[in-house]
Amino acid sequence: MAGFSVGQVAAFAGVTVRTLHHYDEIGLLSPSERTAAGYRRYSEPDLDRLQRVLFYRELGFPLEEITAILDDPGVDAATHLRRQHELLRRRIARLEALVVSVETALEAARMGVSLTPEERYEVFGGFRPEDHAEEAESRWGGTSAWAESRRRTSSYSKADWEGIKAEAGAVVEAWRVLFERGVPAGSPEAMAVAERHREHISRWFYPCTYEIHVGLGEMYVADERFGRNYEGVAEGLAVYVRDSIAANAGAAR
C-alpha cells in the first residue's frame with residue numbers, strides 16, 4: 001500500500017506519534033488511508049495539510065482555529081501560503097524592531113543605581129531596577145549603548161534619579177494631554193514631544209538614534225511590561241506614543 005506510516009510522518013515533521021494521533025482524533029489531520037490491520041497511512045496531500053498545520057501552530061494559532069481555517073472551502077493552498085508568508089514577515093519585522101531596541105533606560109533596566117533601599121523606594125516606589133538587569137544584559141550586554149548607559153547610571157545620585165523621573169513624567173503627561181485632546185500622533189505637537197523623549201534618553205542614558213527610538217516605540221506596544229507605563233496613564237496611549245515616535249523619525253529622515 002502506498003503512503004507513509006505514522007512513524008515515518010512523525011520523523012519527517014519533527015513531531016511525536018502521539019501528536020499525530022491527537023490531530024486525527026480531533027479531526028485536524030486524519031490520514032487518507034488505513035491498512036487492513038487498521039494502521040494509519042498518510043498521502044502526499046495529508047503531508048501538505050500537516051505542513052500548513054505546523055506553520056499555523058508555530059505562529060501561535062490554537063488547534064481549533066487551525067481546523068476552521070484549513071477546512072474553509074473558499075481558501076486554497078496558495079492562499080494559505082501567502083497568508084503564512086505575510087504573518088511570518090510581520091513577526092520577523094517585530095523581532096527585528098525588538099533587537100534594535102536597546103532599552104536600558106527607564107522601562108527596562110536601571111542598572112547600577114547607587115541608592116540605599118530607602119532612597120530607591122522614595123524615587124521608584126515599588127519598581128525594582130535590579131529585577132530587569134539580568135534580562136537587559138542578556139539582550140543588550142554587548143552593545144555600546146548598554147555600556148554607556150551602565151557607565152552613566154552607576155554614578156547617579158538620588159537627586160539625579162528624581163530629576164530623571166520628573167523629566168520623564170513631564171514627557172508622558174505631555175503625550176497624555178495631546179492624546180486625550182484628540183491631537184493626531186503625526187502632528188507637529190506630538191512629534192515635538194517624541195523628540196523631547198528621544199533627547200531625554202540621549203541626555204541621561206545613551207545616544208538614542210531615530211532608529212533606536214523607533215524600536216523603543218515598537219517595544220512599548222509589543223511588550224506589555226513596558227507598555228504598562230503608558231497604558232496605566234491612558235488606555236491606548238502606548239500606540240499613540242509609538243506612532244508619534246515613528247512620525248518624528250520619518251520627518252527627520
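**A chat about the fold**

Modeller: To start us off, 39% of the 253 residues in the protein are buried. Keep in mind that this is a predicted model.

Biologist: Got it. How many helices and strands does the protein have?

Modeller: There are 13 helices and three strands.

Biologist: In what order do the three strands sit in the sheet?

Modeller: The order is E1-E3-E2, in an open sheet with antiparallel pairing. Strand E1 (4-5) and strand E2 (33-34) are the edge strands, each pairing on one side only.

Biologist: And how many bridges link E2 and E3?

Modeller: Two bridges, with E2 and strand E3 (residues 40-42) running in the antiparallel sense. Glu33 sits opposite Arg41 in E3.

Biologist: Which helix packs on the sheet?

Modeller: That's helix H3 (residues 44-58), which touches E1 and E3. The direction of H3 makes about 80° with that of E3.

Biologist: Switching to helices: at what angle do the axes of H2 and H3 cross?

Modeller: Roughly 100°, and the axes of helix H2 (residues 17-25) and H3 come within 13 Å. So H2 and H3 are roughly perpendicular to each other.

Biologist: Which residues meet there?

Modeller: From H2 you get Thr19, Leu20 and Tyr23, and they meet Leu50, Val53, Leu54 and Arg57 in H3. By type, this H2 with H3 contact has five nonpolar residues, one polar and one charged.

Biologist: Zooming out, what share of the accessible surface belongs to carbon and sulfur atoms?

Modeller: 53%, out of about 13500 Å² for the protein. As for contacts with a separation of 6 or more, 64% are between residues 24 or more positions apart.

Methods
Residues are numbered from 1 along each chain as its sequence is written. This is a predicted model: local features need pLDDT of at least 70, side-chain atom pairs count only at pLDDT 80 or more; totals for chains, interfaces and linings use all residues. Side-chain values use heavy atoms; hydrogens and water are left out. Two strands pair if DSSP finds at least two bridges between them. Helices (H or I, at least four residues) and strands (E, at least two) are DSSP runs, numbered from the N terminus. Contact means heavy atoms within 4.5 Å. Axes are lines fitted to C-alpha atoms, for helices over the stretch in contact, and angles run from 0 to 180 degrees between N-to-C directions. Buried means under 20% relative accessible area, exposed over 50%, partly exposed in between (1.4 Å probe, protein chains only). Accessible areas come from the Shrake-Rupley method with a 1.4 Å probe; for residues, only the protein chains shown count as cover. Angles under 35 degrees count as roughly parallel, over 145 as roughly antiparallel, 65 to 115 as roughly perpendicular and the rest as oblique. Ala, Val, Leu, Ile, Met, Phe, Trp, Tyr, Cys and Pro count as nonpolar, Asp, Glu, Lys and Arg as charged, and the others, Gly among them, as polar.
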